[in-house]
Amino acid sequence: MELIKSGINIDFVGKMKFAFYLTIVSSIVAVAYLAVHGLNFGIDFAGGTVVQIKFNQPTSIDKIRDSLRHINMENSTIQQTGAASDNEFLLKTELSSSDLKGVSDKIEESLTSIYGKGSFEVRKVEMVGPKAGADLRQKGIMAITVAWLGMLIYITWRYELRFAVGGIIALIHDVIMAAFVFTLLGKEFNLTIIAAILTIIGYSINDTIVVFDRIRENARKNIKKDLGTVINESINQTLSRTLLTSFTVFLVLVALFFFGGTVIHDFAFVLLVGVIVGTYSSIFIASPFVLVWEKYMPGKRIRKS
Amino acid sequence: MFKDIKIRVIITLLVTAVALVYLVPSFTNLPDQWKKYMPGDKLRLGLDLQGGMHLVLEVDSQKAVESTLDRLANDIKEGLMNRKIRFRNIEHGSAGIISLELTDKESTTEFNKIIRDQYPDLEVKSSEIVEGREKVSLKMKDKRIDEVKKHAVEQSLETIRNRIDQFGVTEPEIAPQGEDRIAIQLPGIKDPRSAIELIGKTARLEFMLVDDDNNLGDALRGIVPPGDIVMNEKRMDRKTGRITDTPILIKNRAVLTGDSIETARVAISDRFGEPYVSLKFKPQGARDFDRITGENVKKRLAIVLDGVVYSAPVIQERISGGDAQITGSFTEEEAKILAIALRSGALPAPVKILEQVTVGPSLGQDSIQKGILSVLIGGLLVIAFMAFYYKASGMIANMALMLNVVFILGTLAIFKATLTLPGIAGIVLTIGMAVDANVLIFERTREELRLGKTPRAAIDAGFSKAFITIIDTHVTTLIAAMLMFQFGTGPIKGFAVTLSVGLVYSVFTAVFVARIIFDYLIWNRKVKSISI
């Protein structure tokens with residue numbers, strides 16, 4: 001069976017200009033949005049406390065809020081999580097406590113006084129002090145930057161600098177877009193999301209490498225053809241593979257998105273965005289960039305080697 | 001490299017067998033007589049799957065430096081007094097400096113000699129003559145400060161380990177993190193609150209004399225007599241159970257500390273049926289206690305724990321025998337925690353909680369179910385797609401994928417790595433990504449077939465041309481996974497581990513194992529066309 005016919009010849013390079021403007025505009029919109037709104041940091045990074053509570057009986061967010069009033073925590077964010085029948089809620093506050101008697105204990109006591117003992121179960125408590133949060137933020141940025149650099153070095157070593165730069169620009173684009181869509185939907189940035197972004201960086205570059213590999217192979221075979229044609233041929237020849245693997249990963253992510261539970265849900269979502277954007281960027285950003293570079297700084301190595 | 005199919009089959013079977021053997025304890029319930037022939041450990045589940053608590057503590061090691069300085073200052077004071085060297089105004093501030101004034105030249109010479117000979121950790125920071133007196137500032141050497149700090153963290157770690165062992169947690173993990181942090185994992189802990197209380201208690205026990213000669217009222221108004229300190233005494237009203245804090249004037253010098261304690265246990269008082277902590281001193285401590293009580297009959301001795309006075313009984317008579325007790329307003333649980341804390345010794349410096357994650361067992365169980373469900377659904381979708389798209393070749397790829405999962409789990413079991421919820425996601429994601437290797441090979445093979453090559457030549461070309469690309473794509477993802485491992489905490493680390501392991505096996509299963517079947521079909525069965 002073939003989804004992409006073997007003789008396919010789409011003029012990707014010809015659509016480069018359009019793709020270029022699309023990329024620029026969407027990136028500017030994304031960066032501007034992120035700059036204005038900032039990332040919506042979860043407690044991993046901002047510090048704070050999250051308590052996940054499952055009640056035995058149905059209750060309402062208002063009632064929970066009321067019961068937090070006498071410890072002055074009625075301003076906490078309270079969200080229902082899971083199915084409505086689960087009676088499960090997330091209580092979030094910016095407060096954290098380095099004392100032995102933590103914020104979660106206070107919440108628990110306060111709820112006990114209203115709902116009664118044994119009428120709810122504390123399923124999860126996460127407390128991160130502001131200092132630890134700031135540390136992690138820095139480490140997260142560091143990890144992403146080092147990942148970009150790592151890719152840059154590896155591809156420069158295996159291919160050429162201009163390929164590497166093209167690949168990294170595509171990756172930066174992927175990360176910005178994933179962060180943008182994620183923030184746009186009001187979701188929270190936490191450690192798991194950074195892990196997802198690192199995965200995007202490691203995975204999304206694969207498509208680019210496969211195309212680069214083919215460009216190199218074809219360029220050696222057809223020394224006379226101009227680079228634009230070679231690139232277009234290479235993208236077309238690998239298109240079937242690019243779409244297929246993106247599709248299998250997509251299938252898996254959809255399963256994780258729907259069935260993986262709360263923590264995995266957001267993680268899978270970022271990756272879904274990353275896979276889609278990454279497929280686009282490896283076709284329309286990474287390879288065309290090599291062509292742009294060639295235009296301004298003609299290289300000889302690709303013909304010689 | 002491995003031309004002989006038989007050898008390749010044997011290698012594959014061996015690897016599979018090892019992985020399966022290590023997985024047996026996790027997925028079956030073997031009778032005991034079999035267990036001794038099998039690896040004993042089950043797959044280790046992360047805290048997010050089995051429930052438990054994760055803590056990151058910060059040791060306030062500066063406090064350890066201050067208390068070392070405190071001891072040194074007291075020591076110097078006594079030393080100088082014993083040698084009749086005249087000095088005034090010895091004090092130490094928070095800046096880590098001991099300052100004092102020496103009244104004449106003679107004592108300066110002698111003082112310098114003492115510092116040089118007996119206190120190698122101290123150095124004279126400055127000395128100047130003010131109004132005929134030599135004003136000296138002493139400072140701890142930087143190297144020594146670092147040592148004290150490092151030691152404080154190490155000792156805290158040891159003490160906390162000790163406490164957790166006595167508290168009874170199976171397989172706790174306690175490890176230093178960075179310079180002054182301690183990461184603690186307590187799987188399956190039932191009572192997180194008590195655990196935090198126990199771990200975080202400084203448990204610095206001091207016996208101090210109460211200053212009944214001076215006026216407490218004056219002290220509260222700010223005129224604290226030199227060498228004294230105002231502390232709070234915790235008192236419980238026996239009828240109402242209410243706890244009140246009462247100020248009390250204490251001579252700020254510990255006559256005896258928790259270091260002198262041999263052991264501590266919980267006992268119940270005969271009179272009120274209240275729990276208290278019974279202490280037994282070490283031989284030297286017992287002698288000191290005997291002497292101190294003998295010297296201070298009819299005075300009050302305060303029992304101070306972490307800066308709070310628990311009781312301040314009047315010494316009725318000399319107490320020999322080396323026993324003492326801490327009474328106060330405890331519940332039995334509190335008394336038990338205090339006893340463990342005292343037995344395992346005080347923390348050299350207070351600790352603060354930087355991070356805490358507690359997962360209840362029911363949530364962990366839920367996560368396992370959700371994880372398994374998404375692996376099954378995700379895996380089946382991919383398998384169905386591959387079979388549909390690549391027919392028989394797809395089935396070969398599917399077999400490789402399933403082996404991959406077995407290998408990942410087996411490797412986790414062998415290396416006792418921890419499986420977390422993101423780790424499970426990592427397995428299914430690996431399935432999705434590992435397929436890439438097969439797809440690269442198959443697409444290439446199809447291209448070669450289209451060029452009119454024979455199946456044998458096409459397969460050869462497909463595998464060999466795709467190989468380098470496969471290595472490149474896997475290495476880049478591995479780089480990202482390694483960074484994730486470096487950066488992440490527990491659950492994320494689990495993801496990084498399964499992803500990395502899965503990637504390595506993906507090369508093995510797609511390139512090595514799948515090739516065996518293709519070669520067998522083409523070489524031995526001489527198939528004329530491949531279903532791809």
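Helices here are DSSP runs of H or I with at least four residues, strands are runs of E with at least two, and both are numbered from the N terminus. With that settled, select I209(A), which lies in helix α7 of chain A.

Before going further, some housekeeping. This is a predicted model, where local features need pLDDT of at least 70, side-chain atom pairs count only at pLDDT 80 or more, and totals for chains, interfaces and linings use all residues. Residues are numbered from 1 along each chain as its sequence is written, while chains are lettered from A and ligands numbered from 1 in the order in which they are written.

**Stop 1: around I209(A)**

Is I209(A) buried or exposed? I209(A) is buried, with 26 other C-beta atoms within 10 Å. (Buried takes 20 or more other C-beta atoms within 10 Å of the residue's own, exposed 12 or fewer, and partly exposed is in between; C-beta atoms are placed from the backbone.) Now show its contacts, meaning residues whose C-beta atoms, placed from the backbone, lie within 7 Å. Leaving out neighbours within four places in sequence, I209(A) is in contact with T469(B), D472(B), T473(B) and T476(B). For a sense of distance, pick H70(A): its C-alpha is 59 Å from that of I209(A), and the two are 139 residues apart along the chain.

**Stop 2: where the chains meet**

Colour the interface next. There, 55 residues of chain A are in contact with 60 residues of chain B. On the chain A side, β4 (120–128), α5 (130–158), α7 (191–221), α8 (227–259) and α9 (262–296) each supply at least two residues. The largest share of that side, 13 residues, comes from α7(A). By class, the chain A side divides into 30 nonpolar, 15 polar and ten charged residues. (Ala, Val, Leu, Ile, Met, Phe, Trp, Tyr, Cys and Pro count as nonpolar, Asp, Glu, Lys and Arg as charged, and the others, Gly among them, as polar.)

**Stop 3: the core**

Select I197(A), L198(A) and M484(B), which touch the most other members of the largest nonpolar core, a set of 226 residues. (Such a core is a set of buried Ala, Val, Leu, Ile, Met, Phe, Trp, Tyr and Cys residues joined through C-beta atoms within 7 Å.) Which residues does M484(B) contact, leaving aside its neighbours within four places in sequence? They are A143(A), A195(A), L198(A), I492(B), F495(B) and A496(B).

**Stop 4: a tyrosine in a loop**

Go to Y159(A), in the loop between α5 and α6 (161–184) of chain A. With 22 C-beta neighbours inside 10 Å, Y159(A) counts as buried. Not counting residues up to four places away in sequence, Y159(A) touches A164(A), F212(A) and R216(A). Y159(A) and F212(A) are 53 residues apart in sequence but 8.0 Å apart in space, C-alpha to C-alpha.

**Stop 5: helix α12(B)**

Over in chain B, select 421–450: this is helix α12, with 30 residues. From first C-alpha to last, α12(B) reaches 44 Å, close to the 44 Å expected (1.5 Å times one less than its number of residues). Look at N438(B), where α12(B) bends by about 25°; the bend is the angle between axes fitted to the seven residues ending there and the seven starting there. Since 27 of its 30 residues are buried, α12(B) is largely enclosed by the rest of the structure. G452(B) follows the helix, with a positive phi near 95°.

Technical notes. Core = buried A, V, L, I, M, F, W, Y, C linked by C-beta atoms within 7 Å. Contact = placed C-beta atoms within 7 Å.
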